[in-house]
Amino acid sequence: MQIKQEIINEIREKNDILSLVSQYVKLEKRGRNYIGLCPFHDEKTPSFSVSPEKQICHCFGCKKGGNVFQFLEQIENITFVEAVRRLGENVGIEVESDQKVVVANDNMKMIEMHELLRDYYHYVLKAVKEAEPALQYLYDRGFTEELINQEKIGYSPDISHFANDFLEKRGFDKALAYEAGLLSRNEENFTYYDRFRDRIMFPINNAQGHTVGFSGRTYQNQEPKYLNSPETPIFQKRQLLYHLDIARKAIRKQDEVLLLEGFMDVIKVNEAGLTNAIATMGTALSREHQLQLKKLAGNITLMFDGDKAGIEATLNVGETLLAAGTNVYVVPLRTGMDPDEMIKAMGREKFVSYVNHNKIAFVSYKMRQMSREVTSNDLVYEQKLNEILQDIGRVKSSAMRKKILHEASELFKVDFDSLNFEVAKYVPHRHETAAPVQNVIYSKQERAERIVLKHFFSDKALYHKMYDEITDEHFKKPSHQAIYHALSGYYDIEEHFSISQFLSFVQDHAHSDVISIDNMEINEHPSLDEINDYLYVIHTEQKEQHELQNLKKELNEAIAAGDIDRRNQLLQQIIIFNRQKKQ
């Protein structure tokens, strides 16, 4: 489908790059730009930069980024057309499409299977008589019609071939459906049957909002209580954070993640009004989870069950996050209660108020949990004191450190100043971080090419004036060739250079060079002689390359003919040529 350039331009201009990237990355202002941890690769030092002025983003490490369209394409793994359509919806511009979506790979086919089944399971729950007990169970548990529709909760019938037949009729490969975790297989005769039977089906979405798995809950005391999708290419618990697709905007706005133990807790807490809630899928907090959380927000609040297991999980997860350099807080629930039970006991409004007014620093929570042991067991007193001092040293805020130190002073009966002196040993020296500067050494030819292109970015008239003297073939570097070639199409329809707009005209492999060249500081008003000097370097380099290629061609011919004298003569010429070129 061909989308009019005017529509693309309007959508790009109405979508702010900073607002878009902020939904995925925690950003901090650094001068005129914003920086954060790159969402496309793992890193400890921020190298992802966003320029509101230029309306572009760029990672100095992995080189990914671009304008709003390119960022969304990369972060969501979607096509350009889909990126235009989604960003158009954000600003009230409808992009019509007669294009049929082509599912290009097995992972996307697996997602398509899940989403078709999700919709069918949801229909069955609402429309089929056999599903009435499951639907009534949900009503009894406080699920409203609106919540069921919002979460697209469904029901898998007690039939061994329901999903099997459904997918087969739509032409999906059974072996792929088995790999996707939707079917099980008899390993003796390789027949396939449904994995989920007679269960309430809760769809599990990835960060992009695609359904990639299910959690099937029993409603009549079957075992196991929850039957989850197995690990598949698209469903990996170590990477999944439940409800992140829904919670991301609230997380970015509040700069806080409310981390819960299970997806059912998230559903109920979200319905109560706490929309920044997410959860792991019944697994320990992985390294991948830690990296995602760190990029999402500066503050993580844990709200686990109020039983012994929930307290232990809070201490383990909190310690992990604190060591990773995160601000960690805890909402302690009533003894033995989970979030759903607290909501029922208190009502939604009072529960939300309780959560908002009962967030304590993780280290403070940890001290409260160990207070009885510290006061009654001298054997562990010093061990716990040293442990707490190290934890306090990891707290970023100096004000918060002092607050916690006062609590520690009271608990351990040690003078505040003494504790403060000891904590200073564990406080890491934090330096202001900034996007790294690339120290790239360019050859004389490459530098000339970059400067000429930079001048062409700044001056359309200069580009047209020099158009007959230089072609894309004069450029040695392929990305420079692509940039020069793209300028022709760009300036055919545009009067002024905008890097955000120009990036849509350039091949992906050249994006990093476009951004690097645009950032160059050069003489903004060069003389014609200066430009000609750079063009001379470019032309001379091309001429020299042509001469060298001819010498090498003659050398190969001499070797093939067995002409030793001619071979030696040509080798000497090539050596002299290369030596002069270096000088």
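Predicted model: local features only at pLDDT ≥ 70, side-chain atom pairs only at ≥ 80, totals over all residues.

Q: What's the radius of gyration of the chain, and what would a compact globule have?
A: The chain has 31 Å, while a compact globule of 583 residues would have a value near 25 Å. Along the principal axes, the C-alpha atoms fill a box of roughly 90 × 75 × 55 Å.

Q: What about contacts, how much comes from residues 24 or more positions apart?
A: Such pairs account for 64% of the contacts with a separation of 6 or more.

Q: And the accessible surface? What does it come to?
A: About 30200 Å², and 47% of that belongs to carbon and sulfur atoms.

Q: OK, on to helices. Which residues of H13 are buried?
A: Gly-310, Thr-314, Val-317, Gly-318, Leu-321 and Leu-322. They sit on the same side of H13, because they cover an arc of only 130° around the axis.

Q: What's exposed on the other side of H13?
A: Lys-308, Asn-316 and Ala-323 are exposed there.

Q: So what covers the buried residues of H13?
A: Several elements, among them strands S13 (256–260), S15 (299–302) and S16 (327–330). The cover also includes helices H12 (287–296), H16 (362–376) and H17 (378–394).

Q: How far apart are the end C-alpha atoms of H13?
A: They are 23 Å apart. H13 has 16 residues, 308–323, and at 1.5 Å a residue it should span 22 Å, so the two values agree.

Q: What follows H13?
A: Gly-325, which has a positive phi, near 90°.

Q: Switching to H11. Is that helix enclosed or open, and why?
A: H11 (residues 263–272) is largely enclosed by the rest of the structure, because nine of its 10 residues are buried. Those buried residues include Asp-265, Lys-268 and Asn-270, along with Phe-263, Met-264 and Val-266. After H11 comes Gly-273, with a positive phi near 125°.

Q: And H20, how many of its residues are buried?
A: 11 of 15, so to speak mostly covered. Among the buried ones are Glu-449, Arg-450, Lys-454 and His-455, as well as Phe-456 and Phe-457. From first C-alpha to last, H20 (residues 444–458) reaches 21 Å, close to the 21 Å expected at 1.5 Å a residue.

Q: Let's do salt bridges. How many are there in the whole structure?
A: A search finds 29.

Q: Which residue does Glu-256 meet in a salt bridge?
A: Lys-359, at 2.9 Å from N to O. Glu-256 lies in strand S13 and Lys-359 in the loop between helix H15 (348–357) and strand S17 (360–361), so the pair ties together parts that are 103 residues apart in sequence.

Q: Glu-256, buried or exposed?
A: Glu-256 counts as buried because its relative accessibility is 10%.

Q: What does Lys-366 do with Glu-387?
A: Their side chains meet in a salt bridge, 2.6 Å from N to O. Lys-366 lies in helix H16 and Glu-387 in helix H17, so the bridge ties together parts 21 residues apart in sequence. Lys-366 counts as buried at 6% relative accessibility, while Glu-387 counts as partly exposed at 26%.

Q: And where does Asp-391 lie?
A: In helix H17. Its side chain also meets Lys-366 in a salt bridge, 2.7 Å from N to O. Both Asp-391 and Lys-366 are buried.

Q: Which residues do the shared partners join into one network?
A: Glu-319, Lys-366, Glu-387, Asp-391 and Arg-394 are joined through salt bridges that share partners.

Q: Last one: where is Lys-253, and is it buried or exposed?
A: Lys-253 is found in helix H10 (residues 244–254). With 77% relative accessibility, Lys-253 counts as exposed. Its C-alpha atom is separated by 15 Å from that of Asn-356, which is 103 residues away along the chain.

Terms used:
Residues numbered from 1 in each chain as written. Heavy atoms only, no water. Helix = DSSP H or I, 4+ residues; strand = E, 2+ residues; numbered from the N terminus. Expected span 1.5 Å × (residues − 1). Buried < 20%, exposed > 50% of the residue type's maximum accessible area, 1.4 Å probe, protein only. Arc of directions from axis to C-beta. Contact = heavy atoms within 4.5 Å. Rg over C-alpha atoms; globule rule 2.2 N^0.38 Å. Areas by Shrake-Rupley, 256 points an atom, 1.4 Å probe, with all protein chains shown as cover. Salt bridge = Lys/Arg side-chain N within 4 Å of Asp/Glu carboxyl O.
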